[in-house]
Amino acid sequence: MKGSFSIVRQVFQRRFSTLRSSRPSALSGSARSLIVPPSSTPSQIPRNSSLPASAFVSSSIASNFSTTCFPSTRSLCSSAGGGNGVVIVKSEEEFINAMSKAEGGSSPSIFYFTAVWCGPCRFIAPVIEELSKQYPDVTTYKIDIDEGGLSNTLSNLSITAVPTLQFFKEGSKKGEIVGADVAKLKNLMEQLYK
């Protein structure tokens with residue numbers, strides 16, 4: 001029993017350190033300061049415990065994962081869409097209609113090209129949703145690049161990376177951001193749509 005407990009602890013420490021080292025850029029500065037290497041904290045599991053190690057590991061993982069890895073103020077899921085000025089585009093016809101509105105100058109627009117599997121897209125999605133509430137006159141079109149009916153249209157636009165945001169005002173494209181640069185996004189929105 002004692003030997004198997006140390007193996008479980010070593011596996012947990014390796015997995016936690018791999019998780020921590022593989023995603024440092026997705027965490028904000030305040031979240032990074034909360035991460036403590038597993039080797040520097042005293043074990044929370046009593047050495048002479050008669051309970052199975054799995055009972056401790058699952059609760060330990062859940063509490064460490066939820067409180068130390070990610071900030072509680074931002075959801076990392078790709079939630080932008082469906083409301084608050086964000087329109088989800090699912091077909092080529094919808095995309096063509098949206099683009100004609102933007103190029104016609106009838107409404108200021110943002111085209112947000114994203115993918116479900118994209119980490120930076122999930123990171124920036126809450127910011128886009130917040131900005132769409134802040135700028136209600138601007139319509140944000142969310143386009144999933146993996147959507148089946150859009151492959152021909154997207155290849156014509158030369159979208160090579162996600163997230164890509166294209167900004168339209170007065171019938172022409174005024175800017176583009178490739179990547180999850182929150183500061184640049186906020187500055188460009190303020191310049192174009194205030």
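Here are some friendly notes on the sheet in this predicted model and on one tyrosine within it.

1. Start with the sheet as a whole. Its 5 strands form an open sheet in the order S1-S3-S2-S4-S5, and the pairing is mixed. At the edges you will find strand S1 (86-89) and strand S5 (172-178), each of which pairs on one side only. From one strand to the next, the twist averages 20°.

2. Now look at one pair of strands. Strands of a sheet pair through backbone hydrogen bonds, either parallel or antiparallel. Strand S4 (residues 164-169) and S5 run antiparallel and are joined by 6 bridges. Follow threonine 164 across, and its bridge partner in S5 is valine 178.

3. Helix H4 (residues 92-104) touches S1, S2, strand S3 (139-144), S4 and S5, and its direction makes about 145° with that of S2. Helix H5 (residues 119-134) touches S1, S2, S3 and S4, with a direction at about 160° to that of S2.

4. Next, find tyrosine 112 in strand S2 (residues 109-114). Is tyrosine 112 buried or exposed? Its relative accessible area is 0%, so tyrosine 112 is buried, because the cut-off for buried is under 20%.

5. Who surrounds this residue? Leaving aside neighbours within four places in sequence, tyrosine 112 is in contact with residues including Cys121, Ile124, Ala125 and Ile128, as well as Thr140, Tyr141, Lys142 and Ile143. Pro163, Thr164 and Leu165 are also among its contacts.

How values were computed:
Residues numbered from 1 in each chain as written. Predicted model: local features only at pLDDT ≥ 70, side-chain atom pairs only at ≥ 80, totals over all residues. Heavy atoms only, no water. Helix = DSSP H or I, 4+ residues; strand = E, 2+ residues; numbered from the N terminus. Buried < 20%, exposed > 50% of the residue type's maximum accessible area, 1.4 Å probe, protein only. Contact = heavy atoms within 4.5 Å. Pairing = 2+ DSSP bridges. Axes fitted to C-alpha atoms, helices over the stretch in contact; angles between N-to-C directions.
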